[in-house]
Amino acid sequence: MSGEASPMSVRIGSGYDAHRLVAGRPLVLGGVTVPHHLGLEGHSDADALTHAIMDALLGAAALGDIGRFFGSDDPTLAGAVSIRLLEQVAGMLRDAGWAVGNVDATIIAQAPRLAPHAAEMRERIAAALEVGVEHISVKATTTDRLGPWGREEGIAAEAVCLLHRARPT
């Protein structure tokens with residue numbers, strides 16, 4: 001070997017995001033507005049699920065994190081729709097020669113019940129990434145009333161993804 005590492009053909013990424021629940025905002029997760037009396041606080045729509053997925057994808061491609069591209073100090077992003085930002089991340093991945101193999105995500109929330117909305121979340125995420133819905137998994141869990149998520153102070157999400165080379169760089 002010449003000492004140069006060969007480019008990896010697959011990469012794994014992980015992402016995490018959390019936002020406080022507040023009155024007066026819609027609850028948006030995975031691009032879906034979920035009926036609830038509280039919503040997530042943030043500069044954008046505060047879609048913690050989509051933010052975690054974006055961080056996982058950007059990390060796997062070694063492109064940075066969402067703050068690098070979509071900073072909360074950018075006034076043009078005030079109220080941004082996160083699923084549209086995910087579409088931009090998908091374009092960045094394609095430009096860098098990567099394709100999404102799969103995404104597996106978990107939402108951590110005591111309330112509301114999210115299972116009834118998971119299928120629509122999967123569809124919206126799959127559409128934004130231009131992959132089949134079978135490549136996207138969205139699950140929800142509680143913390144049995146433990147910690148800030150269990151006290152319904154906020155909602156968190158974590159995601160892992162697999163990217164593979166779509167074309168040589």
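**View A. Ser44 in the loop between strand S4 (39-40) and helix H1.** Helices (H or I, at least four residues) and strands (E, at least two residues) are DSSP runs, numbered from the N terminus. The model is predicted, so local features need pLDDT of at least 70 and side-chain atom pairs count only at pLDDT 80 or more, while totals for chains, interfaces and linings use all residues. Residues are numbered from 1 along each chain as its sequence is written, and side-chain values use heavy atoms, with hydrogens and water left out. Ser44 has a relative accessibility of 11% and therefore counts as buried; buried means under 20% relative accessible area, exposed over 50%, and partly exposed in between, with a 1.4 Å probe and protein chains only. The side chain of Ser44 reaches the backbone nitrogen of Ala46 at 3.1 Å, and a polar contact of 3.4 Å links the side chains of Ser44 and His51. A polar contact is a pair of N or O atoms within 3.5 Å; within protein, one must be able to donate a hydrogen and the other to accept it, and residues adjacent in sequence count only if both atoms are side-chain atoms. Apart from neighbours within four places in sequence, Ser44 is in contact (heavy atoms within 4.5 Å) with Arg25, His51, Leu77, Gly79, Ala80 and Ser82.

**View B. The largest nonpolar core, in which Leu49 and Leu57 have the most contacts.** This core has 50 residues; a nonpolar core is a set of buried Ala, Val, Leu, Ile, Met, Phe, Trp, Tyr and Cys residues joined through side-chain atoms within 4.5 Å. At least two core residues come from each of the strands S2 (27-29), S3 (32-34), S5 (98-108), S6 (136-141) and S7 (154-165), and from each of the helices H1 (48-60), H3 (82-95) and H4 (118-129). The helix H1 contributes the most, with 9 residues. Not counting residues up to four places away in sequence, Leu57 touches Leu86, Val89, Leu93, Val100, Val103, Leu129, Cys161 and Leu163.

View C. The pairing of S5 with S6 is parallel and spans 6 bridges. Within it, Ile107 has Ala140 in S6 as its bridge partner, and Ile108 stands opposite Thr141 in S6.

**View D. Ala156 in strand S7.** Ala156 has 0% relative accessibility and so counts as buried. Its C-alpha atom is separated by 8.5 Å from that of Thr106, 50 residues apart along the chain. Residues up to four places away in sequence excluded, Ala156 touches Tyr16, Asp17, Ala18, Thr106, Ile107, Ile108 and Trp149.

View E. At 17% relative accessibility, Gln110 counts as buried. Beyond residues up to four places away in sequence, Gln110 touches Thr142, Thr143, Asp144, Arg145, Trp149, Gly150 and Glu152. Arg145 belongs to the loop between S6 and helix H5 (147-150) and counts as exposed because its relative accessibility is 54%.

**View F. Backbone geometry at Pro112, Ala62 and Arg145.** Most residues other than glycine have a negative phi, and most peptide bonds are trans. The bond from Ala111 to Pro112 is cis, with omega near 0°, and Pro112 is placed in the loop between S5 and H4. Ala62, a residue other than glycine, has a positive phi near 60°. It is located in the loop between H1 and helix H2 (66-69) and is exposed, with a relative accessible area of 59%. Arg145 likewise has a positive phi, near 70°.

Technical notes:
Two strands pair if DSSP finds at least two bridges between them.
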